[in-house]
Amino acid sequence: MVHLFRTSLGVMALAAAALSASGVHAANGPFLAHQALYDLSLVKSRSNSINSARGRILYNFAGSSCEGYTSEFRQVSELDSGEGKITLSDLRSNSWEDATGKSYRFKIETRMNETEAGLVDGSAERDGDHINVKLKLPAPKNFTLDGKIVFPTEQIQHIIAAAKEGKSLLELSVYDGSDDGQKVYNTLTVIGQAIPADRAASPDPSTSDEHMKSLKRWPVTVSYFDREVQQKEGEQTPVYAMSFELYENGVSRQLVLDYNDFVISGAMGKFDVKDSKPCN
C-alpha cells in the first residue's frame, strides 16, 4: 500500500502539471488565468485496500503568451487503509512554461506523513531535435531527452487541437519533472464526442460562470504509462489515468483519478477567473 501511494505521489505531480495547464483556450489562443479548488473523495477501492479518502486540490494559473505561464498547485490527501492506518500526503508544485514549449522550469515537493520532504528542482530547454534537462535536486544531473517529448502545457494544447479536429485518440510522450525528475510518461488520450453548450451539465462553479456557458466540451481520459517498463504480452497497465470534461477554453471539470487499486473523484468546489494582462 505504501509503495503504491508513493507511486501515486509521483503521478499526482503529473496531474498537478496537467491540471495547472488546463487554462488553454486553443492551440493558438490565449490561456485563461484562473484559480480552481477540487474536493477529493473515494469513488471505489478495487482491492479493498482503502476504506476512505479525502482531500483537496488547489491551483492557480496565470501568465500570457509573451511572458509564459506559471502555475501553483497544492494537493493534500488523507487515505485510510483501516486498522488506524492513515496516510497523509502533501504535494506542492510550481512551474513555468514558455508559450512556445521551448523552456520549462519546475519545483515539486512531496511529503508523506511526518517524513522529510522529497524535493525536485530543475529545468528543461528544447534545442533542435532534443531537450536538455538540468536537475538541481534531488541531485545535480544533466541529461537529454527526445525532442518529440512534450511539456504539460503543450500536451493540453495538442488534446484541444485533436478534439477540435474530431480525433478520438492521441499518443504523446510527456515530461513534467515528476517522480525523481527523470521520468518520462507515454500517454494515450481518448477523446469522446463533443458535448454542445446547450446540453445541461451537472452543476458546479464552472457551469454557472459566464465564461463557460457558451462553450462546448469533450469527455477526455488520459492514461499514463511508465516509459521504462517494457511491454510484455498483452496490454500494459497504466500507472495512472485521469478523466475529466474538457471545455474548449481548456477548463476541466468532473475530475476522476484512477490509481488502479483505488479511484478518487475531484468535484469542483470553487472556480474564479482572474484578470489577465494582454501582451503589448
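This report describes charged residues and salt bridges in the structure shown above.

## Basis of the model

The structure is a predicted model, in which local features need pLDDT of at least 70 and side-chain atom pairs count only at pLDDT 80 or more, while totals for chains, interfaces and linings use all residues. Residues are numbered from 1 along each chain as its sequence is written, and side-chain values use heavy atoms, with hydrogens and water left out.

## Salt bridges

A salt bridge is a side-chain nitrogen of Lys or Arg within 4 Å of a carboxyl oxygen of Asp or Glu. The count by this rule is 14 salt bridges.

One of them pairs Arg126 with Glu154, at 2.7 Å from N to O. Arg126 belongs to strand 6 and Glu154 to helix 2 (residues 152-164), so this contact ties together parts that are 28 residues apart in sequence. Helices (H or I, at least four residues) and strands (E, at least two) are DSSP runs, numbered from the N terminus. Arg126 counts as buried because its relative accessibility is 17%, and Glu154 is buried at 12%. Here buried means under 20% relative accessible area, exposed over 50%, and partly exposed in between (1.4 Å probe, protein chains only).

## Further pairs and a network

Asp226 and Lys183 also meet through their side chains in a salt bridge, at 3.0 Å from N to O. Asp226 lies in strand 11 (residues 217-226), whereas Lys183 lies in the loop between strand 9 (169-174) and strand 10 (185-191), so the pair ties together parts that are 43 residues apart in sequence. Asp226 is buried, with a relative accessible area of 13%, and Lys183 is buried at 12%.

Another salt bridge links Arg111 to Glu109, with the closest N and O atoms 3.4 Å apart. Arg111 counts as partly exposed at 33% relative accessibility, and Glu109 is partly exposed at 25%.

## A negative surface patch

Glu125, Asp127, Asp129 and Asp146 form a negative surface patch. Patches are made of residues with over 30% relative accessible area and no salt bridge, and like charges are joined within 9 Å, nonpolar side chains (Val, Leu, Ile, Met, Phe, Trp, Tyr) within 5 Å. Asp and Glu count as negative and Lys and Arg as positive, while His and the chain ends are not counted.

Asp129 counts as exposed because its relative accessibility is 64%.

Conventions:
Areas by Shrake-Rupley, 256 points an atom, 1.4 Å probe, with all protein chains shown as cover. Charge placed at Lys NZ, Arg CZ, Asp CG, Glu CD.
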